[in-house]
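Here is a short tour of one part of a protein model, written for someone who likes to look at the residues directly. Please keep the structure open while you read.

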Amino acid sequence: MPSGFDALCQMGLERDVATLPQTKIKGIDIYQEDKFLIHVEPNFFRQDPGVKWVSQPALLEMLVSKCEENSDFSFFRGWRCADIVEQNKRVKGIKVVQGSEVREIEGDIVIGADGRTSVLRRLLNPKLHVYKQIIDVVWFKLPRPEFLNPGIGLVSVSPGNACLSFPVYGDQLQVGWLIKKGHFGEIKRQGKEVWFQNLRNSLPKHFANHLEKYHDKASDYFVLDVACSRLQRWHHRGVLMIGDASHTMSPVGAQGINLALRDSIVTANELIPVLESAKENTNSIDMAFERIQRERIEEVKRIQKFQQVPPKLIFLQNSLAKLFVSNLPWLSKQDLVKKLFSRLGDTFAFGHSDVTLRI
Ligand SMILES: Cc1cc2nc3c(=O)[nH]c(=O)nc-3n(C[C@H](O)[C@H](O)[C@H](O)COP(=O)(O)OP(=O)(O)OC[C@H]3O[C@@H](n4cnc5c(N)ncnc54)[C@H](O)[C@@H]3O)c2cc1C
């Protein structure tokens, strides 16, 4: 998303990002089962930098290698944080393990950026605000079908079912099949043939035929247990949590990476001056933690609230939801709806607050 890309540019990584495998998304065709409904091309798709599908492993390796240019950076590849080390009720370090080896790493500050299954979140046991989710996503890749040009996504919705597919780098099609939460176990038990058949039934015919033809070339699938939650307080006993560890994002609107990158900019703005100051102490550090949360929380809250709407419209099979989906072409021409969609799209694309690297 543009806001995530902007954060990387502010870190001086624009050229490095340009070298990564990526595909620019130019538009999306929306179907209701076999019926074509509408082609959407929001303004922010057309503007630069637009929306890009970027290889996450390549992005992460690039970030690691850029960090390694700093002589005081250490990366413990393959090590896992397993515990915290406390002194006077404040976390002073972590215990990391690899196989049977255990090490302690001390730190003036511990930042938990350990993602949606954060060990630090579990160990510190903070209070959470949780949004109950009604979907999971099954991700896999297929060879790109000829009927989809690079950059044009295909979304197909039907009551209780949705499938998002985007042609991506490497001439592949990334498919995300949205299913009712917790249902994949049951679908999987019926075997791969049956779950592909279930998926085919909800797709437009040309896509269903493509899936039938190439289903043996599908990559291994990955089931994303969709979660959306946030900590009431982002710091506990000297540990700051940011990114998914602090606010796990739903996949709606592809927001997790933007927010994590923007958290890191605000964290740098607030913590670096404190750490460089001669007056650094636990109090000044905790106050900086407070400022980080205060600066970021509105954007997180707003985006998480917006993320709850689309799955409900598709998956709650009530008459209002059905009416909404089948009237999308008409609705998309109404001024009020256009304004609402454009506000939603702009928040997803550019974020809600101004995030500028000041150091
Ligand atoms: C399948 C899938 C698709 C997604 N697609 C998108 C998308 O298109 N756009 C988008 O914006 N977001 C997407 N997301 C969400 C996005 O990946 C996250 O929101 C984002 O990566 C959060 O960044 P983070 O740095 O907070 O956490 P992560 O990127 O999850 O990083 C956490 C890191 O901590 C490490 N870690 C975890 N536990 C430990 C431990 N105990 N010890 C040491 N290290 C540990 C992990 O290995 C990982 O490297 C997707 C997520 C998934 C799972």
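Three residues separate the strands in the hairpin of β12 and β13, and there G170 takes a positive phi near 80°. The model is a predicted one, where local features need pLDDT of at least 70, side-chain atom pairs count only at pLDDT 80 or more, and totals for chains, interfaces and linings use all residues. Residues are numbered from 1 along each chain as its sequence is written, and side-chain values use heavy atoms, with hydrogens and water left out.

Strands here are DSSP runs of E with at least two residues, helices are runs of H or I with at least four, and both are numbered from the N terminus. Two strands count as paired if DSSP finds at least two bridges between them. The hairpin of β11 and β12 has two residues between its strands, and in this one G160 has the positive phi, near 80°. The two pairings look like this:

| Strand pair | Sense | Bridges | A bridge pair |
|---|---|---|---|
| β11 (residues 152–158) and β12 | antiparallel | five | V155 and L164 |
| β12 and β13 | antiparallel | seven | F166 and Q174 |

Strand β12 (residues 161–168) is mostly covered, with seven of its eight residues buried. Buried means under 20% relative accessible area, exposed means over 50%, and partly exposed lies in between (1.4 Å probe, protein chains only).

G160 turns up again at the second largest pocket, where G160, N161, W177, I187 and N198 are the closest to the centre among the ten lining residues. This pocket has a volume of about 200 Å³. A pocket is an open set of points on a 1 Å grid over the protein atoms alone, where a 1.4 Å probe fits, with protein on both sides within 12 Å along at least five of seven lines; lining residues have an atom within 4 Å of a point. Points are joined across faces, edges and corners, and the volume is the space filled by probe spheres set on them.

Which elements supply at least two residues each of that lining? They are β13 (172–180) and α7 (192–201), and β13 gives the most, with three residues. By class, the lining has three nonpolar, six polar and one charged residues.

Finally, the cysteines. With a disulfide taken as a pair of cysteine sulfur atoms within 2.5 Å, the count comes to zero. C81 is in no disulfide, and the nearest cysteine sulfur, that of C67, is 18 Å away. C81 is buried, at 16% relative accessible area, and C228 is buried too, at 2%.

Methods
Ala, Val, Leu, Ile, Met, Phe, Trp, Tyr, Cys and Pro count as nonpolar, Asp, Glu, Lys and Arg as charged, and the others, Gly among them, as polar.
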